Amino acid sequence: MQDFSFSTVKTIINELGSCHRQLGTIAKSLAITRVLVVTDAGIVQSGMIEPALASLTAMGVVSVVYTDVVADPPEIVVERALTFAREQQIDGVIGLGGGSSMDVAKVIALLTKSSQSLQEVYGVGNAKGTRLPLIQIPTTAGTGSEVTPISIITTGETTKQGIVSPLLIADVALLDAELTVGLPSHVTAATGIDAMVHAIEAYTSQHRKNPYSDLLACEALRLLSKHIVTAVEDGHNLIARSAMLYGAMLAGQAFANAPVAAVHALAYPLGGHYHISHGLSNSLVLPHVLRFNLPNAVQAYAELAHVVNPYARAKPITLAEYFIEAMQTLISAVKIPTTLRQLNVPETDLPMLAKDALLQQRLLMNNPRLVTEVDALAIYQAAY
Ligand SMILES: NC(=O)c1ccc[n+]([C@@H]2O[C@H](COP(=O)([O-])OP(=O)(O)OC[C@H]3O[C@@H](n4cnc5c(N)ncnc54)[C@H](O)[C@@H]3O)[C@@H](O)[C@H]2O)c1
Ligand SMILES: [Fe+2]
């Protein structure tokens, strides 16, 4: 058997209603007495905060709420949140929201009591010391940030940087699918495709793919591909919502250990330049990257075809092509835009996007096929 090491969150609680019922007890078990809840305005509007705060209060845990996270959090937003946190005498952090809120919560837990600056911790393994106790509660079924050692910050007009450190792995991930019931259908669709991409790219990751990450990626893709259309069409279906939330978490565990590749590398410039959401950016390029990768990924995609349809029988190349078609069909079924043209991306920008995508070597090195600037341009043209 191949050698590997694997890390994840120590405690995962997957239970409907657990945010309201258990959050206070969990905070208490981590010896938290005064906690900062990190979230965004959309979550506040949805009314999800009150039950969480009531649970904390019931157990005598004082809560302070920071509500100013924005999607794809820019550095300035993170710095402001950090300044706020340092004034609050907190001894614990809760991230409540999508990847944006959870990623900011990670940085706050890491840096509130640290002498390191945000700039010093970008990159892999640069964070030092310890962090405050951290509970992550996802409200989208997408990023898997609740179990990853990664925080993604927007550092310039159009660029993102990651902080990657075992210190960012939370103490507790609390999965309560009731929190995702009000997620709008287009966000359900885009974040769900993001989670599927995590599973697919983990399964074909060139460096740290291993039997354990494969197991997680396959089960994630099985659940996500089976339930995404129902979750989009019937947001109150708790079976579909639970499967999506659990599937997204499994995909997070998979890619935290076998990192993502060209789909994410080509998606990032779309988010950076046009503020297209992370999930939608991934969805727009997914079928075209899969087609590009096909010559080097026949076996892997054929295996994934069996995951989405256990009854499929054909030779590997036919199965691999079937898998790509199946992903394209799912993207159409969840009714989100499928071309860059629909999102008013100027066609003349494509060469600039290709140049930008090539800067993401941290991700491209995991891709099953080498991507040149010419290749990236051809993929964007196919997505146009
Ligand atoms: N840390 C990681 O491992 C990792 C992995 C992938 C992506 N990311 C990052 O995560 C961010 C994207 O996160 P995301 O896709 O989860 O979206 P998000 O956190 O940006 O949220 C998107 C929108 O959905 C709203 N929302 C979230 N949950 C809701 C709910 N239950 N009901 C109603 N509205 C709700 C939010 O208010 C927000 O307006 C990006 O910055 C991306 O780079 C991080
Ligand atoms: Fe992603």
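Colleague: What does the domain assignment give for the protein?

Modeller: In this predicted model, the domain assignment gives domain 1 (11–180) and domain 2 (186–383). Their C-alpha centres lie 26 Å apart. The contact between them takes 24 residues from domain 1 and 28 residues from domain 2, where contact stands for C-beta atoms within 7 Å. On the side of domain 1 that touches domain 2, the residues divide into nine nonpolar, twelve polar and three charged.

Colleague: Why is ligand 1 said to lie between domain 1 and domain 2?

Modeller: Both domain 1 (11–180) and domain 2 (186–383) give residues to the shell around ligand 1, and therefore the ligand is placed between them. The shell holds 30 residues, with Gly-42, Gly-98, Gly-99, Ser-100 and Thr-148 as the closest.

Colleague: Which elements supply at least two residues of the shell around ligand 1?

Modeller: They are α2 (41–45), α5 (99–111), β7 (150–154), α7 (185–203) and α11 (278–308). The largest share, four residues, comes from α5. By residue class, the shell divides into seven nonpolar, 20 polar and three charged. Gly counts as polar in that division.

Colleague: Which residues touch the most other members in the largest nonpolar core?

Modeller: The core has 136 residues, and those touching the most other members are Val-38, Val-93, Ile-108, Ala-199, Ala-220, Leu-221 and Leu-224. Helix α11 gives the largest share of this core, 15 residues. Domain 1 (11–180) and domain 2 (186–383) each contribute at least three residues to this core. In soluble globular proteins, nonpolar side chains tend to be buried together.

Colleague: What is Leu-224 in contact with, leaving aside its neighbours within four places in sequence?

Modeller: Leu-224 is in contact with Gly-192, Ala-195, Met-196, Ala-199, Met-244, Gly-247, Ala-248 and Ala-251.

Colleague: What makes strand β4 mostly covered?

Modeller: Six of the six residues in β4 (residues 92–97) are buried. A residue needs 20 or more other C-beta atoms within 10 Å to be called buried.

Colleague: How do you know that strand β2 and β4 pair?

Modeller: Two strands pair if there are at least two bridges between them. Strand β2 (residues 34–40) and β4 have four bridges, in the parallel sense, and therefore they meet that condition. One of the partners can be named: Val-35 is bridged to Gly-92 in β4. Strand β4 also pairs in the parallel sense with strand β6 (residues 134–138), over five bridges. There, Val-93 has Leu-134 of β6 as its bridge partner.

Colleague: What is the order of the open sheet of three strands?

Modeller: The order is β5-β8-β7, with mixed pairing. Strands β5 (123–124) and β7 stand at the edges because each has a single partner strand, and one side of each is left without a neighbour in the sheet. Strand β7 and strand β8 (residues 160–164) run antiparallel and are joined by five bridges. In this pairing Ile-150 stands opposite Val-164 of β8.

Colleague: Why is Gly-272 called buried?

Modeller: Gly-272 has 20 C-beta neighbours inside 10 Å. The cut-off for buried is 20 or more, so Gly-272 counts as buried. Gly-272 is placed in helix α10 (residues 262–274). Not counting residues up to four places away in sequence, Gly-272 touches Thr-158, Thr-159 and Lys-160.

Colleague: Why is Pro-295 called exposed?

Modeller: Pro-295 has 11 other C-beta atoms within 10 Å. A residue with 12 or fewer is exposed, so Pro-295 is exposed. Pro-295 lies in helix α11.

Colleague: Why does His-275 count as partly exposed?

Modeller: His-275 has 13 C-beta neighbours inside 10 Å. Exposed requires 12 or fewer and buried 20 or more, so His-275 counts as partly exposed. His-275 lies in the loop between α10 and α11. Its phi is near 55°, a positive value in a residue other than glycine.

Colleague: Where is Ala-31 found?

Modeller: Ala-31 is in the loop between α1 (18–29) and β2. Ala-31 has a positive phi of about 60° although it is not a glycine. With 9 other C-beta atoms within 10 Å, Ala-31 is exposed.

Note on methods
Residues are numbered from 1 along each chain as its sequence is written. Chains are lettered from A and ligands numbered from 1 in the order in which they are written. This is a predicted model: local features need pLDDT of at least 70, side-chain atom pairs count only at pLDDT 80 or more; totals for chains, interfaces and linings use all residues. A residue is near a molecule or strand if its C-beta atom, placed from the backbone, lies within 6 Å of it. Domain bounds come from an automatic or database domain assignment. Two residues are in contact if their C-beta atoms, placed from the backbone, lie within 7 Å. A nonpolar core is a set of buried Ala, Val, Leu, Ile, Met, Phe, Trp, Tyr and Cys residues joined through C-beta atoms within 7 Å.
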